[in-house]
Amino acid sequence: MKANTPIERLYNGIIKENPTFVLMLGMCPTLAVTTSAVNGLGMGLTTMVILTMSNMMISMLRKAIPDSVRMPAYIVVVASFVTIVQFLLQGFLPSLYDSLGIYIPLIVVNCIILGRAEAYASKNAVVSSIFDGIGMGLGFTVGLTCIGIVREILGSGKIFGFQLFEGGATIFVLAPGAFFVLAMLVATQNKIKAGRPEQKTSSESGGCSEAGCLSCGNKICESKRMLDEKGGKNA
Amino acid sequence: MKELLMIAIGSALVNNVVLSQFLGLCPFLGVSKKMDTAAGMGGAVIFVLTLSSLCTSIIYNLVLVKLGMEYMQTIVFILVIAALVQLVEMFLKKAMPALYKSLGVYLPLITTNCAVLGVALLNVQNEYGILAGTVNGFATAVGFTIAIVLMAGIREKIEYNDVPKPFRGMPIVLLTAGLMSIAFFGFSGLIR
């Protein structure tokens, strides 16, 4: 598939570099809001909107932002969009706003967004950055919705609010269930991977594999530290 | 006084930041391989979180509320936190090299720790004043330290166990976290 076409970007985000299952990014919202499929879907779509808009904005500004203040500039762009979306949700979807609560403003520190800004939008043209944002956002949505569906079925016997069977183990809706479901998903993935020959993933993915957003944070920190040193020399 | 104590117990044990609110999961999973690094991370988080919740509640209560600009909270908080971590790092480097040596590595990681921004936002949501907000920040960080040090202790033991192959690495850690989270439910009777 040709690189950087819209279709390729969507495929890349949803399947090849799925942020939840392959890159393991953005673990905090993944575990916290997936108590039901609807919440997972809502969080995923909210993140997608913010990711698409911030990718677009950062890609437009990529020649205007000086390298030395890149990170703070990205953070301000992302935080502005998060604030706008937060108010839109509060106004138009108050029930979703209430159930996501504090995790909406926390999208600012979701490293999928800064990771994509740094790894993709700051280097590529506007249109492909927009599709990269949509693809990655849809991938995140798919991941969150899947985990939400599993937890909702096991925890309350419902799917998207429709009763499938009576009862269910409440623990899957509570905090420990999130850890258990994610552990099972990762273990399954390890099992599948072990059966397959080693595949090389592309390096522009932001390079976050096992430790998830820790390594991503590391990377951001490293580049920040490098810049600080550069700035120190200039000053 | 009693109210502050309630806030402290509530956010350190009952609503533990990692195990029931999922904030600060990344360092919790990433830096919990060894007991001493976990304790170091915990120390750094206590230091930064107390300071940052003090600063953010001062700024929120004295500046943003006065100017009627509460809607700027997310942007202002994240910038304040990033600047604060930088300042703390520079200050420690100059003034307390010994402390910097033990905490320095963990400081930059904290900017991306969502617990810091999370506590600042929770302080606003719960309408805590400056003192209550600072106590909440400190207690949350203590809760984080308890969780990460316990986790490191367990992980050091897991090293010697025969874990099924697909579960090695992240899955077994997540399962452990789940069990710890169940254990922390036991505290929920402490406060009502």
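Buried residues make up 51% of the 235 residues in chain A; buried means under 20% relative accessible area, exposed over 50%, and partly exposed in between, with a 1.4 Å probe and protein chains only. This is a predicted model, where local features need pLDDT of at least 70 and side-chain atom pairs count only at pLDDT 80 or more, while totals for chains, interfaces and linings use all residues. Residues are numbered from 1 along each chain as its sequence is written, chains are lettered from A in the order in which they are written, and side-chain values use heavy atoms, without hydrogens and water.

Start with the fold of chain A. It has nine helices and two strands. Helices (H or I, at least four residues) and strands (E, at least two) are DSSP runs, numbered from the N terminus. The order is α-α-α-α-α-α-α-β-β-α-α. Contact means heavy atoms within 4.5 Å. Among contacts in chain A between residues at least 6 apart in sequence, 72% join residues at least 24 apart.

Now look at helix H1 (residues 6–16) of chain A, which holds A:Asn12. A:Asn12 is buried, at a relative accessible area of 1%. Leaving out residues up to four places away in sequence, A:Asn12 touches A:Glu17, A:Asn18 and A:Met136.

Next comes the link between the chains. Three aromatic pairs turn up over all chains. Rings of Phe, Tyr and Trp (its six-membered ring) pair if their centres lie within 6.5 Å; planes under 30 degrees apart count as stacked, over 60 as edge-to-face and the rest as tilted. The ring centres of A:Phe179 and B:Phe22 are 5.3 Å apart and the planes are at 50°, so this pair is tilted. It crosses from helix H8 (residues 175–195) of chain A to the loop between helix H1 (2–14) and helix H2 (25–30) of chain B. Both A:Phe179 and B:Phe22 are buried.

A:Phe179 also meets B:Leu25. Neighbours within four places in sequence aside, B:Leu25 is in contact with A:Met27, A:Cys28, A:Leu31, A:Phe179 and B:Val18.

B:Leu25 belongs to the largest nonpolar core, which has 108 residues. Such a core is a set of buried Ala, Val, Leu, Ile, Met, Phe, Trp, Tyr and Cys residues joined through side-chain atoms within 4.5 Å. A:Leu106, B:Leu25, B:Phe28, B:Met41 and B:Leu117 touch the most other members. In soluble globular proteins, nonpolar side chains tend to be buried together.

One last stop: A:Phe160 is partly exposed, with a relative accessible area of 35%. A:Phe160 sits in the loop between strand E1 (158–159) and strand E2 (162–163) of chain A.
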